[in-house]
Amino acid sequence: MTNRVDSAADSSGHAERFTLLRPLLFTIAYEILGSATEADDVLQDSYLRWADVDLSSVRDTKSYLARLVTRQALNTLRAQARRREEYVGPWLPEPLLLDDQDASADVVLAESVSMAMLVLLETLTPDERAVFVLREVFGFDYGEIADAVGKPAATVRQVAHRAREHVHARRKRFDDVDPARNAEITQQFLATAASGDVEALLAMLAPDAVWTADSGGKASAARKPVVGALRVARAVSGLMRKTQGRLRAQTVTCNSAPAVLVYLDDHLEGVITMEIIDGKITNLYVMRNPEKLAALVTAREISRA
């Protein structure tokens, strides 16, 4: 009888600790993988492993679970490498629909899940990506990261330096983001696109604006990025003409930024996430792959703590 009671209490302890840290663990997995669906799978597998752990041997639950989730995420990322190489057209991270929390209040968190940052993280090796995320976003020390990625702390320091230099050399300014202003620009973009006024669209776009669409070959979309304000404006205007009267748009928050869910005859056709710098739209990330759109039915909670 005693063993049965102890087992039930132990199981409850596992679930309670894991649930408390789930937003953090999901965020770690998502930033390493760029996929909410894969992050969910990693968390499920990690919990099964966690359930077999003797809690009396765990000194720091947060560090232990972060290490466990990172290892599983890295295994998944490495296994997916070949599939991503064979992917049809541009590969974009899976859009993340956020709940009502104000993620933008935490600048580091907001930047780390932004579509622009996730696209940039795709250029890192799996180890560089995991080390960068754990160190720069979540602030784990080198010893903890070393345990998570299976490398000596001295090597982790070198990897962290290399990844940090790579990211800093390529990322654009983020610290001046104004969420309210960006939401206004998003609404203005929708109204302007609906009007079909190419000149007005041009005024909203940065000269080197880029339209990148991910369809995975499962939906109609440009197989290469559309580069340049005029080409992007014409593409948007042409899309609106083709779907006139059938297109419906809904603004939401994806990846800590205003985004647009696009419906055609009430069927979700895609989501557009915009990167806006100095009041101009610099990048439009368009998700058309139905497999990646499936995760948008559930709003997520993200956290760095």
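User: Which residue in the turn between β3 and β4 has a positive phi?
Analyst: Asn255, with a phi of about 55°. This is a predicted model, by the way. β3 and β4 make a hairpin there, with two residues between them.

User: How many bridges join those two, β3 and β4?
Analyst: Eight, and the strands run antiparallel. One of the pairs is Gln250 with Leu261 in β4.

User: What's the strand order in the sheet?
Analyst: β2-β1-β6-β5-β4-β3. The sheet is open, has six strands and shows mixed pairing.

User: Why is one side of β2 and of β3 left without a neighbour in the sheet?
Analyst: β2 (226–227) and β3 (247–254) are the edge strands, and each has a single partner strand, so one side of each has no neighbour in the sheet.

User: And β1 with β6: parallel or antiparallel?
Analyst: Parallel. Six bridges link β1, residues 205–214, to β6, residues 280–287. Ala213 sits opposite Val286 in β6.

User: Which strands does α9 touch?
Analyst: β3, β4 (257–264), β5 (267–277) and β6. Helix α9 spans residues 179–195 and packs on the sheet, its direction making about 25° with that of β4.

User: What about α11, which strands does that lie across?
Analyst: β1, β2, β3 and β6. Helix α11 covers residues 229–242 and runs at about 50° to β1.

User: How does the lining split by class?
Analyst: 20 nonpolar, nine polar and six charged.

User: Now the annotations. Which residues does UniProt list for "domain: RNA polymerase sigma-70 region"?
Analyst: Residues 20–83, in an unreviewed entry. In the model that span is 81% helix and 0% strand. Its end C-alpha atoms are 33 Å apart.

User: And where is "domain: RNA polymerase sigma factor 70 region 4 type"?
Analyst: The UniProt annotation, again from an unreviewed entry, covers residues 115–166.

Key
Residues are numbered from 1 along each chain as its sequence is written. This is a predicted model: local features need pLDDT of at least 70, side-chain atom pairs count only at pLDDT 80 or more; totals for chains, interfaces and linings use all residues. Side-chain values use heavy atoms; hydrogens and water are left out. UniProt positions are given in the numbering used here, feature names are shortened, and annotations may be inferred rather than shown by experiment. Two strands pair if DSSP finds at least two bridges between them. Helices (H or I, at least four residues) and strands (E, at least two) are DSSP runs, numbered from the N terminus. Contact means heavy atoms within 4.5 Å. Axes are lines fitted to C-alpha atoms, for helices over the stretch in contact, and angles run from 0 to 180 degrees between N-to-C directions. Ala, Val, Leu, Ile, Met, Phe, Trp, Tyr, Cys and Pro count as nonpolar, Asp, Glu, Lys and Arg as charged, and the others, Gly among them, as polar.
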